[in-house]
Each structure stands twice: as C-alpha cells, then as structure tokens.
Amino acid sequence: MTALPIIAVWLSAWGLNAWLARFDTRLTRLLVALIFGATILILWEMIVRAYGVPSVILPAPSQIWASFMANTSILWVDFVQTILKGALTGWVMGALAAIATAILIDRSPFLQRGLLPIANFVAALPIVGIAPILVMWFGFDWQSKAAVVVVMVFFPILVNMVAGLAATDAMQRDLMATWSAGYWQSLWKMRMPAAMPFLFNGLKITTTLALIGAIVAEFFGSPTRGMGFRISTAVGQLDLPLVWAEILVAAIAGSLFYGIVALIEKRVTFWHPSQRK
Amino acid sequence: MSRVLPVLTVIAAIILVWYVAAIGMNAQWAKDQAARADTTLTTGELIADTLSQDRPVLPAPHQVAAGLWDGLAGQKITSRRSLVYHAWITLSATMAGFAIGSLAGIVLAVGITHSKVMDQSVMPWAVASQTVPILAIAPMVIVVFASVGVTGLLPKAMISAWLSFFPVLVGMVKGLRTPDAMQLDLMRSWSATRSQAFWRLRLPSSMPFLFASLKIAVAAALVGTIVGELPAGATSGLGARLLSGSYYGQTVQIWSALFTAAALAAGLVMLIGWIERMTLRRMGLAK
Amino acid sequence: ADELSLQLKWVTQAQFAGYYVAKDKGFYDEEDLDVTIKPGGPDIAPTQVLAGGGADVTVEWMPAALAAREKGLPLVNIAQPFKSSGMMLTCLKESNISDPKADFPGKTLGVWFFGNEYPFLSWMNHLEIPTEGGEDGVTVLKQGFNVDPLLQKQAACISTMTYNEYGQVLDAGIAEDDLVTFKYEDQGVATLEDGLYTLQENLDDPEMVDKLTRFVRASMKGWKYAEENSEEAAEIVLENDETGAQTIEHQTRMMTEVAKLTAGSNGALDEADYQRTVDTLLSGGSDPVISAEPEGAWTHVITDQALSE
Amino acid sequence: MTEPVVTADKIDLTFQTADGPVHALKGVNLTINQGDFVSFIGPSGCGKTTFLRTIAALETPTGGTMTVNGMSADEARRARAYGYVFQAPGLYPWRTISGNISLPLEIMGFSKSDRKQRVDRVMDLVELSGFGGKFPWQLSGGMQQRASIARSLAFDADILLMDEPFGALDEIVRDRLNEALLELWRKTRKTIGFVTHSIPEAVYLSTRIVVMSPRPGRITRIIESTLPDERPLDIRDTPEFIALAHEVREGLREGHSYD
Amino acid sequence: MTEPVVTADKIDLTFQTADGPVHALKGVNLTINQGDFVSFIGPSGCGKTTFLRTIAALETPTGGTMTVNGMSADEARRARAYGYVFQAPGLYPWRTISGNISLPLEIMGFSKSDRKQRVDRVMDLVELSGFGGKFPWQLSGGMQQRASIARSLAFDADILLMDEPFGALDEIVRDRLNEALLELWRKTRKTIGFVTHSIPEAVYLSTRIVVMSPRPGRITRIIESTLPDERPLDIRDTPEFIALAHEVREGLREGHSYD
Ligand SMILES: Nc1ncnc2c1ncn2[C@@H]1O[C@H](COP(=O)(O)OP(=O)(O)OP(=O)(O)O)[C@@H](O)[C@H]1O
Ligand SMILES: Nc1ncnc2c1ncn2[C@@H]1O[C@H](COP(=O)(O)OP(=O)(O)OP(=O)(O)O)[C@@H](O)[C@H]1O
Ligand SMILES: Cc1ncc(C[n+]2csc(CCO)c2C)c(N)n1
Ligand SMILES: [Mg+2]
Ligand SMILES: [Mg+2]
C-alpha cells in the first residue's frame, strides 16, 4: 500500500517531464533535469519515511540538508583541505606533467613505441592501491593526496594527449611539409590546436578521478580535517547525515569542476564538429 | 615495426630508476638503525641493506619479483597464501560488476538516444553520480546491502558496476549518435523503422566506441572491486591482500598484490581488445 | 542448530581468539548454536552493521558503543571478556617525551579514528591539552593501518595495542629501549575494550535471550581455553584467516598478550569498570564523548544465567 | 507521361542558424511529370540539394505545399517511393558492397532469393560485378559512388533522386555511366531528379533543365530539351546540343550576376 | 624559359600494402621547364596525385631520380619552393579564413603588415573578400577550395602544384578562376603543375598536357599545346582547341582500354 503514492509521484513526474521535453528549449532542458533530480530526492524521502529506514543506515534528504546547514564551517574546512589543496593542486600538476610528457613522447618515436604500451598498462592499474604507499612517502597532509591525484590523472591525460597530438590528418601535415615548417611551428600552429579536443576529453574524465583520489587517500592517514577523514570518522560515530552532507559537497564540487572544464572546452574547441551542433 | 626493443629499454630504465629510488628511500631507515645500534655503515653495506630490508619504504624490484613468484607459483593455488586464489576472488566480482555495469550503461544509452526525456533528465545526473565518492562510502554501501540481505560477491560487484557503467554510458551515447546525417537520411528515405535503424545502423556504427569504453570500464570495475574489498571486511581478494599488507607494513606484499592486479587489468583489457579485433574484423571495420 | 552471527571489530586475529576457539573446538555446537563469525575491517562500523541487521552480536569498544547509544542506537553490553585495556601511546625515545602533560604539547601524535578516538580525546581532555595543534596543543594525525608513522618519524608517538602494533614496532627492528610507552591503564583513563553488544530489542525476546546466553557461555569457554593454550589458539586463528597474511609467530605473541587482558574477567561486566569508563568519557570538558549518564547500557541478565551453571 | 508526379507549390524553406535565417528556397514552383528526367543546375549554395531533399521529405518546407503521387511527400516517403543518391557515397563501412546494396531490400522485406538476384543485376549495371565481397574502403572513390547508385536502383523506386552522383568520376567513366543511366531511364521511364554542376551532362541527360540561383534560392529558368530520347554520345557535337548548352550557360550567368 | 625546373628520370614508386605491392608509378620521365604550365590528366587511380606529391617531396620514389631547381626535391621543399593545393581544401578548422591564408606566411616569417597585405590581395583574387573572419565550416565547399588556392598563392612560391583545385566548383566560377589563374601565370611566369579530370580545362590552361594511364601508372602521351598564351574563354570554340581536346580524349581512351 505504501508503495502506491511512491509510484504515483514517479509516474506523474515522468509524465510532466515527457511533456516538457517536447519543447526542447534551454529553460525546459534545465527544468527537466531539475525535476528528475527532485523526483529522486522526493522518492528517497518518501521511501525512508514510509518504510522507517533507520537514519544510521540511510538518512532522509531533509536530515542531510539540515546537517549540511548546521555544519557549513566544518564542510568548508574539509572542502579547502581535500578539494582545493589535494584534488585541484594534484590535478593541475598531473595535467601539466602529462602534457609535457606527451610532447616529449611525441618528439621521439622510440619513446612513443616504448612508453605508450607501458602507459596504457599503468593507466589500467588500480591506482588507489598505491595510496597507502604515497601516504607513507609524502606524509599525512595534502601533499600525499595531491601525489595520489597526480598519479591517477597523469596516465589518462597522457594517453589522450598523445592521441591528440597524432590527430592531425595527412593533408594537414603535408601542408606543413610543403611550407617546410619547423617542428615547433607545426607543434604550436597545428598539433596543439588539433590535440585540444582530445586533451579536454582527458581533462574532463579526470575531474571526477581527482576527487575520488583525494578523498580515498585520506583513508590511509590524514590530518584531522578533510572530506575523507570526516566521512570515515562520521561513519564511526554513526553521524550518517554528516556523511551524506560531505557526499553532497563532493557531488556539487565535482559537478561544478566538470562543468567548468566543459565550459572552457567549449571556448577552446569551438571549431570542433562536436561543439558546433 | 618492432616494439620489443623500445619497450624493453623503457622497462630497463624504469627498473634502474626504481633501484636508485629504493636505495634513496630506504637509506634513512638503514642509517637510523645503524645509529641505534651505534655502528656506522660503509656505502656498500648501506646499499646492500637498503635492497634487503624486511619492511622497506620502497621494496627493490627483485624483492617484489620474489614476492610475486612466491605468491603465484610458490603456493597451491587453493591456498589462502596464493595470489592466484585471491586474484580469482577479485576477478569473479569484477566480472559480475563489469557485466552489470556495462549492461546498465548500454541500456541507459539506448534509452537516451531514443527518448528526449531520458536524454535531458538522465545525463546530468549520471555525471553527478560519478562525483559521489563511491569509493569512500564503499563500506557503508556494503552495510546497506547487507541490511537488505544482500551479501557476498554482489555488494562488491555493485560498487564496480557503479564505476564501470559511466564510461560505457558516455561511449555508447556517443557511438549510437555517430551515424552522420546522410546515413540517417538514407534510412529515412527507405522509410526504415526505428528498430531497423537501430539494429542495422546505430548499433554497428557504435561498436568501435563500445569497445573503447569497455576497456576503460573493465579497468574501472577492477578498481571498484579492489576498493570494495579493501576496507569492507572482505577477507579474501587482492584488495584484502593490499590491506593486510598495509596493516602489517609488508610492503613487498602490497607491491606483489598491486602487480597482480595490474596484470589482471592488463589481461582483461587485452581480452577485450582481442574480442574487439575479432568483432571488427567480422564487421569489416578492421583495416 | 540455532543460527547466530557475530560481527568482529577488526580483521581475523588473536584478539578474537576466544570466538574462533569456541567455534573450532565445538563449544558452540555443544550449545546447539551455529555461529557465523564476520571479520571486520578498518572502515566497518560494527554498530552500523548491527543497526542494519547484518549481525546479532558485535565486538565493540565501550566508548564507541555508548556514543552510538547516544545517537539513538540502543546497544546493550551483555558480556565483557576483556578486563583491562591494551591501548597505549608508543613514542620514540629520541622524541624526548617522559611526562605526557609536560611533553606532549607541540608534538604530533598518531590516533585511530573511526570510533576509536574517544579514549584518546578523553585523555587529552583530562590533561587539558587542546588537540587543535599549535604551541601548547598536540597535532593529531589520523593514523592509518600500520605503525609506519612512527618508523618514518612522521609522528612522535602513535597509538598501539599491547598485543598487536607494539609487537610490530619491535618486529620492525626498534628495540624496547628505544621506545617509551604510556598505557591508558597506567594513566587512569582506561576505558573498556572488546565487549559483546546487542540491540535492546533482542533482550526483550526470551528466545533470543536464551540463544545469547548459550552464546556467551560457549564464548567464555573458548576464551578460557585460549588463555591456557595460546599456541593452539593462535593456530586456530591462523586457520580461519582468509587473507593468508598472518604469521604464527605474530599470532602466538598476540595471544599471549591478549590473555593478560582477558585474565581478570569471567565474562560478567564489572560495574566499577563500567563506571570508570563512563566517568572518563563524561569528563571531557567542553566536548565530552557522551553528554549524559547512560541508562540501561548494560545488563547482567545474560551473564548471570550463562555463568550460573 | 503527362501525369504530375511531383508538384511543388510556392515552396519556401528557411534555416534558422545562429547568424540569422538562411533563405535556402523562396517561392519555388515546379511540376515534374511521370517519366520526366529533370536536371537541376546552379551555383554552389543555391538550394539544389535542399530542394531535392524537400521532395524526398528529408526537409520540411516552411511554406507552400509539396505533393508527390497525390499524397504528401512524407506519406510518399513512407510508401517507399524514393531512391536517393547522396552527394557522397555514404556506404556503411561494416557491410560489404553487396551487403550495402541489399540493405534497403532487407529493410523493405524482400525475400532472400529476390535480394540476391536484384543485387546481382544492379551490380552488373554499374560495372561492379566481382566486387560484391569487398568492403567500401577497399574501393576507389569512383567505385564507391557507383555502388551507392546501384543501391538506390535495387528496389525499383518510382522516383529516383540523384544529387551530383557522378561528381567524383573521371570523364570516361562518367560518359559510360551517363549512357547507362539514360538507357535505364528509357527502358523503365522512371521519374528522375538529377543535380549536377556540369552543363553538358545536364543537357545530355535531361528532358527538362531547371536553372537555379542563390540568395534566396529560386528557379530562374526552366529549359525544355528538344533532343530526341535516343541520344548517342556524339549528340554532344550537334548544333542543337550546343545551342541548349549555351542557353543553360546564359541562365547560369544570370544567376551569378545576382551576387 | 627553357631552363629545366623539374626533371624526373625513370621514377618508380611502389606502395607496399597488405594485399601486395601497388605500382603507382613506373618509369616516369618528364622535364618541366621554367614557366611551363603542365596539366596531368588520366583515369582515377593512375598516379597523378602520386606524381605531384613526388615532385613536392611528399613521397619518396622507390627508383629513379627527381631534380628540382638543380637540387633534390626534398632540398627544394626545405627551400620553400612549392605552393601546393590539395584535392580537398584542408583548411585548419581552428583558424579563420584569413588566419588560414596567413599561416604559411607566419611560418615563413613574413612581417605582420606584409602578411595583411598579401592576404588581402589573394582573397581578392579568389573573390573571397569579406569572408576573412569566417571559419571554414561556415563556408560552402567551393568557397573553402578557393580559400585553399589563395593560401597557396600568398607566399609566391616558384612552383605551384595544384591537385584538381577546381573539382568542387560550378562551371561559372570555374571559368572565372581558370581565367584568373591563366592571368596570374602570364604575369608571373610561375611553373605550374596541374591535375584535372576535365579535358577542356586541361587544354584551356596548359602549355603541355601529360596523359597518364594506370596499372602501373605511367605517361602515355605528352601533348604540346599550339594555343597562344593569350586565351580568351571563347578560344574553346576554335577548331584548334577542339582538335587538341580530341587528341587528349584519344589518349585517355587508350589508357582506359588497358584495364
Ligand atoms: N542544415 C542547414 N542549416 C543551415 N543552412 C543550411 C543547411 N543546409 C543548407 N543550408 C544553406 O542553404 C543553402 C542551400 O544549400 P544547398 O546544400 O541546398 O546548396 P546546393 O545548391 O546543393 O549547393 P552545392 O552545389 O554546393 O551542393 C546554402 O546557403 C546552405 O548554406
Ligand atoms: N598511401 C598509399 N598506399 C597504397 N596505395 C596507394 C597510396 N596512395 C595511392 N595509392 C595507390 O596508388 C595508385 C595511384 O593513386 P593516385 O592517388 O596517385 O591516383 P590519382 O591519379 O590521383 O587518382 P584520382 O584521380 O582518383 O585522384 C592508386 O592505385 C592508389 O590506390
Ligand atoms: C584505520 C584504523 N582504525 C582503527 C584501528 C584501531 N583498532 C581497531 S581493532 C583494534 C585492535 C588492535 O588490532 C584496533 C587498534 C586501526 N588499527 N586502524
Ligand atoms: Mg548540394
Ligand atoms: Mg588524385
């Protein structure tokens, strides 16, 4: 019986969305996404209440929101520690290193043939496994988290960037050859721009990886702040609403991070068919 | 073109760097120990010590190789000390998670390319879903599953499914949308039905994308399983090996488990690559 | 046989030898029980598992159990196999620490979190040392799974258990002479460890009470057997370890040390110990672990019956 | 032969783009009768492709009405009235040449044996026999284009719409295919709409030549051919042919002066 | 005018492919003098593109020697002797039209003001003034091709190599560009190598027409033009022109009979 209103809410929200989706304007697109999300939250709240799910198992969205509002200062400190210091620094360093390495590899066919298979191998490695090792090497503070992030984002970006630098077509390269362009000239004026769509593909994938890396690394040792620290401590204290508030922060930060990179991508690779529509 | 020589060269270089790093990183401990014992070490003794410590900060390659050999070949494969046994545990959960995840990704992608509502509502939240630090809440997830009676392999598999569905979703959406306007217009001019266009145009043209994302997804699934095993009270599997190695400071054990995991990942990726080549060849897409 | 599941606080090791011995030696069978032992891990919250219905009984430290009780989870202590605390801070001698109150300020200390931080926080409260870092406070590190922070000198002191991590420090090659230890017992801030807890609702069910009684009886039989036969107990633990990472030497030593902690207990909770634990936790200045004297947090019903025959 | 197959009545088509509207077609009136061979010629961007697509219901006009076989263009499409050859070959790379040609047949539910027979016939027609088992990328551009023509012929649609089908071919092959197409048309009397950039080709093939002009796209001249149905290749040297070609060139030049 | 710029001596070029070797060029001998306008014509796949690429050192012959301006083709390339127009426009999508045209100038180190002036001049020449700020995909195929021609003209290379540059254009524009190219050639006396599929175009433009034939790719005829340098468009109706065109067609037909 309790399932009936839940199903009713689901169906009516879906119906509303189906109707809205037909207009397909910027506003309705946003609305549809928001209604979808809101529906999930409402259903979640209804299920938790209707079936009396204990909050130490799964707190209701309203409890999570209350905890979020009550703990803004803690959440902010954790955000700075984990996202700004750990994830962002690591991501920037990893990306720069990967780009530089890609250019280096690109110059040397020998390295390309030797390093790329190994890079592909390492890219498939369960990098989280080295988190305890890096914590041992780089200490407890954000530096070790950044190091984990560097290692996690390095290979996906490298592989993408190398593919990108090779993404010019034969005619574009032949043109440069007929003008007798030097290496750096064709790098800057042809390969770099052509590589941008690939590079951004890598940068986008790694935004979420960076967050995950920074948070998970905190499990293997951390100062007494940070999102990973807070999550594990709060689980230990059965303060599940706080855990979910941290997850909320991570989701918001991650979506923003992804969105910003996607926005820059749009600016930089405006010329690419996938951006032109 | 031969890749063997370059790859070997790079591997040799890595091993060299590794040895140097091992000496550097383990030296502090060797010196401290000498100081505690009131002796001094010659450079030769120092180097020898750094390459043979019991709990080195960074084990030397030959120590890892020995650990690997012992774990893989030195035990009965049903023994709990055998890496083969643990790799098998991890592999089975990975495969289950990968199957669930890629199926979910494909189904969602088909829905998204065929329904405007799904496209507009699911995609943004799929991105958001990946920013949830699932790895951080893996233990909780496992407890929640246990509370509804799901235990064993499935909870771990759900975590790896969560990580692996996203690349498949993104790749498949892209793949199902690759047919260019002309190819779609041809179908229209023949008045093909949606399902005819799907089976004969969208699906075949999405194959290269599907395989590319399956490779990413299988690696992600492995990470998911290992993390599911790490803290979540799993008692076997490579994640548990990593954990117990870490717990007892057995760096050699950590590195052996890590390399086994890497080999597993490489093997899975290669397997998919092989299936990809077979499929694409049969489709005439491999040149 | 009646089924019952036990959630451990940590991975399979001699710390839980009593239960493994009871299972292995057939003590549970004798009581017509089919007990499932679920190993824990660093991020398993046993209390949460209990709340989720994943287990009937759990091994937990009292501070965490009482804190969970305040969070609204009605945990009740039904038996207390561990009489004394094995927790201590282990410091390198070269850090020049001899008196906690005087020497801790300005130092970095490794502490376990995830519900294990309460005894430490109470102690610091007791000493009136802030844990926010700075000149006259201590900098707290969330200590990972092992003793590396001490070996790598990332912390002046780390948390260790007499029966486990301390041995690892020694195994790593640091002599006892190079170490200074501060046992919580000696500092007067010891809190009760490894007790058996279940949910209140189980105690309202006579059938369940009967099962628990049989379980506690068999478990204590297991503990006493393990105390006397530490080598055999270590072997049993080793057989049950699925990670294949434990060694017999380490488990034997752990068993010997654990035996010292269980020695004074017949399984019944000592009210004085309980009160001392509660007082320690309540005395926590501005931010105590628990804010009010708990009620109904323990019962002798089970042990009374179990130990009567 | 005088039954109208396609009637376009004041067709407008405006594309909304980010830079503002593009008037691809403006007030286009045209009647195509059963068995007509109509060529469209005009400068790049004048709307030839767009008009052909509108006939096939691949674009929806923003104004005016299009009737095909007495129904709307979209109904005609659903009744599978069209065979369409695009400007580029557009073969599906995962199918062999014969697989590509039989694809529309599969979709339309032809029987297996019928399919095989039809595929063989049209492959023969475009001189591709023996290449059925190859994949598209194993063929030169010209061969691919021929395969795409064969594909549109296989299912015997009433109306054949061809968008610069011979653009990528060299003169000799082009001549041969021109002859073959004309032969096919004479035998089957299909209605054909044909876009080309080549004046001689337009004159050689058509019963009617439609000259278009851009910005906005519209018809500036419709030239009825005076050539007989039987046209050997050397008809191109006759004064009649040259006069027609001259007239088309004039029409084109007019259109060009507009921009 | 009789100084040899390009001398090809028994050029062989074999591509190794999975299906076995492809003999793209076999024993090709050719001398191109300073100021020659040489057209290459022949069926699809006969090696026209390959030969042009060999001149520009984009392919390395597997036999024979190629000399350009007294040095090897590769040295000539490094001395920036070539302006090359490919079969497809090949514009860089991330640069505007004027950005694309000025790219080789940037690479060759022309000053900023010089660049601007040259870009304006060549854009004017190909009738693209006013489109400098657009991106390639915003232009029709024909306009893109013209931009690519402009790009190859901007830096005044000695030798201009053009691979079917006007294939995608309609007849009128093509005529106009033919005239402009001829005009440019008369004024500058550049050496030009030009690939086309159109017989009239080859005859109209060239001082020499090279007819090629496939499998293996080789030269079957070299036809010297008897037309004067000054060529109005209607020279195409003179008997002399028609005779030349006929000769070229003969040569082509010969080549076709081989396959
Ligand atoms: N999908 C579209 N969106 C916006 N504008 C379009 C679209 N399709 C065509 N156009 C514009 O409509 C006009 C007519 O285009 P169309 O393709 O019909 O020309 P065309 O005569 O076939 O040219 P060509 O000979 O180059 O093939 C052009 O200006 C073109 O830019
Ligand atoms: N990179 C390559 N690898 C293998 N074979 C090639 C390659 N490039 C060209 N060929 C082959 O060499 C022959 C000559 O090709 P080329 O492109 O020079 O012909 P073309 O005369 O320019 O033809 P078209 O008129 O179609 O442009 C063809 O058979 C072609 O298949
Ligand atoms: C991450 C982490 N959290 C907590 C503990 C503490 N702990 C749980 S059970 C137990 C008994 C000793 O083995 C101890 C000390 C740890 N070791 N690592
Ligand atoms: Mg067109
Ligand atoms: Mg060519």
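Good morning, everyone. One point before we start. The model is predicted.

Let's begin with chain A. How many helices and strands are there in chain A? The chain has 12 helices and 1 strand. Now follow the order from the N terminus. The elements run α-α-α-α-α-α-α-α-α-β-α-α-α. And the extent? The C-alpha trace of chain A spans about 75 × 55 × 30 Å along its principal axes.

Next, the ligands. I'll take ligand 1, in chain D.

Around ligand 1 there are 14 residues. Which of them come nearest? They are Ser44(D), Gly45(D), Lys48(D), Thr49(D) and Thr50(D). Now look at the secondary structure. β1 (4-17), β2 (20-33) and α1 (48-55) of chain D each give at least two residues to the shell. The largest share comes from α1(D), with 3 residues. By class, the shell around ligand 1 holds 4 nonpolar, 8 polar and 2 charged residues.

Now zoom in on single atoms. Start with the backbone. An N or O atom in the backbone of Cys46(D) sits 3.2 Å from an oxygen atom of ligand 1. Then two side chains. Thr49(D) places a polar side-chain atom 2.5 Å from an oxygen atom of ligand 1. Thr50(D) also has a polar side-chain atom 2.5 Å from an oxygen atom of this ligand. How much of ligand 1 is buried by the protein? On its own, ligand 1 exposes 630 Å², and the protein buries 65% of that.

On to ligand 2, in chain E.

A backbone N or O atom of Cys46(E) is 3.2 Å from an oxygen atom of ligand 2. For Thr49(E), a polar side-chain atom lies 2.5 Å from an oxygen atom of the ligand. An N or O atom in the side chain of His197(E) is 3.3 Å from an oxygen atom of ligand 2. Taken alone, ligand 2 exposes 630 Å², of which the protein buries 64%.

Now ligand 3. Again, 14 residues surround the ligand. The closest are Tyr247(B), Gln13(C), Trp112(C), Asn116(C) and Asn164(C). Check the chain letters.

Gln13(C) has a polar side-chain atom 2.8 Å from an oxygen atom of ligand 3. Trp112(C) has one 3.2 Å from a nitrogen atom of the ligand. Asn164(C) has one 3.0 Å from an oxygen atom. Then the burial. Ligand 3 taken alone exposes 430 Å², and the protein buries 97% of that.

Last topic: helix pairs. To describe two packed helices, we give the angle between their axes and the distance between the axes.

Take chain B. Find helix α9, residues 194-229, and helix α11, residues 251-283. Their axes come within 10 Å and cross at roughly 165°. Angles over 145 degrees count as roughly antiparallel. So α9(B) and α11(B) are roughly antiparallel to each other. Is their crossing left-handed or right-handed? The crossing of α9(B) and α11(B) is right-handed.

Now chain C. Here the pair is helix α11, residues 206-228, and helix α15, residues 301-308. Their axes come within 8 Å and cross at roughly 60°. Therefore α11(C) and α15(C) are oblique to each other. As for handedness, α11(C) passes α15(C) in a right-handed crossing.

Let me close with one reminder. Thank you.

Key
Residues are numbered from 1 along each chain as its sequence is written. Chains are lettered from A and ligands numbered from 1 in the order in which they are written. This is a predicted model: local features need pLDDT of at least 70, side-chain atom pairs count only at pLDDT 80 or more; totals for chains, interfaces and linings use all residues. Side-chain values use heavy atoms; hydrogens and water are left out. A polar contact is a pair of N or O atoms within 3.5 Å; within protein, one must be able to donate a hydrogen and the other to accept it, and residues adjacent in sequence count only if both atoms are side-chain atoms. Accessible areas come from the Shrake-Rupley method with a 1.4 Å probe; for residues, only the protein chains shown count as cover. Axes are lines fitted to C-alpha atoms, for helices over the stretch in contact, and angles run from 0 to 180 degrees between N-to-C directions. Helices (H or I, at least four residues) and strands (E, at least two) are DSSP runs, numbered from the N terminus. Angles under 35 degrees count as roughly parallel, over 145 as roughly antiparallel, 65 to 115 as roughly perpendicular and the rest as oblique. A crossing is left-handed if the near helix is turned anticlockwise from the far one by less than a right angle, and right-handed if clockwise. A residue is near a molecule or strand if one of its heavy atoms lies within 4 Å of it. Ala, Val, Leu, Ile, Met, Phe, Trp, Tyr, Cys and Pro count as nonpolar, Asp, Glu, Lys and Arg as charged, and the others, Gly among them, as polar.
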